[in-house]
Amino acid sequence: LIPVLVSMEIEGVKLDVQALAEFSRELGATLGQLEASIYKQAGRRFNLNSPKQLGDVLFDELDLKPKPRRTKKTGQYSTNEEILQKLALEYDIGAQLLDYRAVQKLKSTYVDALPELISPRTGKIHTSFNQAIAATGRLSSNNPNLQNIPIRTERGRRIREAFIPSHVEGCILSADYSQIELRLIAAISGD
């Protein structure tokens, strides 16, 4: 497998930079709409990326329930994903904050960052594949980690569609072990 992985790393993968640039503009517009809606519901503007300000707005000013306890270390309300998911069951602002964070992460981590990782020499992204890092035995990749790009959401699929073949007659191949360990155990045990 090592020679195959080395050749994959050297070959790299081409990226449709224009498609990502367009998607970045769309995500930026979505973020603007979410911000406006959140500010309207909150009754004022504040730093959405500040857990302290967000906690104060949600739990002191808007008095949303359930109200989490303040942390011992900083004395501020937690606004982690679990808390926002509970709020999202009752309040639109909770769901919109979750969406805002998801869109912002996709935009900054992938849509805007991936084009910056293109090699000027080859015009491609060259990730590193690791055989022995993931506890499950699967391959992992880093610099960039291409496996963390979401696949179950429409936005994640749009990012993945930006990976294109290097040649007109080429294709992108996706392969999976398909739970090989379970299949081997079933075969050995006769199950």
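Trainee: What makes the reach of helix α2 (residues 17–42) close to the expected one?

Mentor: Helix α2 has 26 residues and runs 37 Å from its first C-alpha to its last, close to the 38 Å expected at 1.5 Å a residue. The expected span is 1.5 Å times one less than the number of residues. Helices here are DSSP runs (H or I, at least four residues), strands are runs of E of at least two, and both are numbered from the N terminus. This is a predicted model, in which local features need pLDDT of at least 70 and side-chain atom pairs count only at pLDDT 80 or more, while totals for chains, interfaces and linings use all residues. Residues are numbered from 1 along each chain as its sequence is written, and side-chain values use heavy atoms, with hydrogens and water left out.

Trainee: Why are α4 and α5 called oblique to each other?

Mentor: Helix α4 (residues 81–88) and helix α5 (residues 92–111) pack at about 140 degrees, with axes 7 Å apart. Axes are lines fitted to C-alpha atoms, for helices over the stretch in contact, and angles run from 0 to 180 degrees between N-to-C directions. Under 35 degrees counts as roughly parallel, over 145 as roughly antiparallel, 65 to 115 as roughly perpendicular and the rest as oblique. The pair α4 and α5 is therefore oblique.

Trainee: Which residues of α4 and α5 meet?

Mentor: Glu81, Leu84, Gln85, Leu87 and Ala88 of α4 meet Gly94, Ala95, Leu97, Leu98 and Arg101 of α5, where contact means heavy atoms within 4.5 Å.

Trainee: Why is Lys124 called buried?

Mentor: Its relative accessible area is 13%, and buried means under 20%, exposed over 50% and partly exposed in between (1.4 Å probe, protein chains only). Lys124 is therefore buried. Lys124 lies in the loop between α5 and β2 (128–130).

Trainee: What makes the pair of Lys124 and Ser166 a polar contact?

Mentor: Their side chains come to 3.2 Å. A polar contact is a pair of N or O atoms within 3.5 Å; within protein, one must be able to donate a hydrogen and the other to accept it, and residues adjacent in sequence count only if both atoms are side-chain atoms. Not counting residues up to four places away in sequence, Lys124 touches residues including Glu11, Val13 and Leu117.

Trainee: What covers the buried residues of α2?

Mentor: The cover includes β1 (14–15), α3 (51–61), α5 and α6 (154–160). Among the buried residues of α2 are Leu20, Phe23 and Tyr39.
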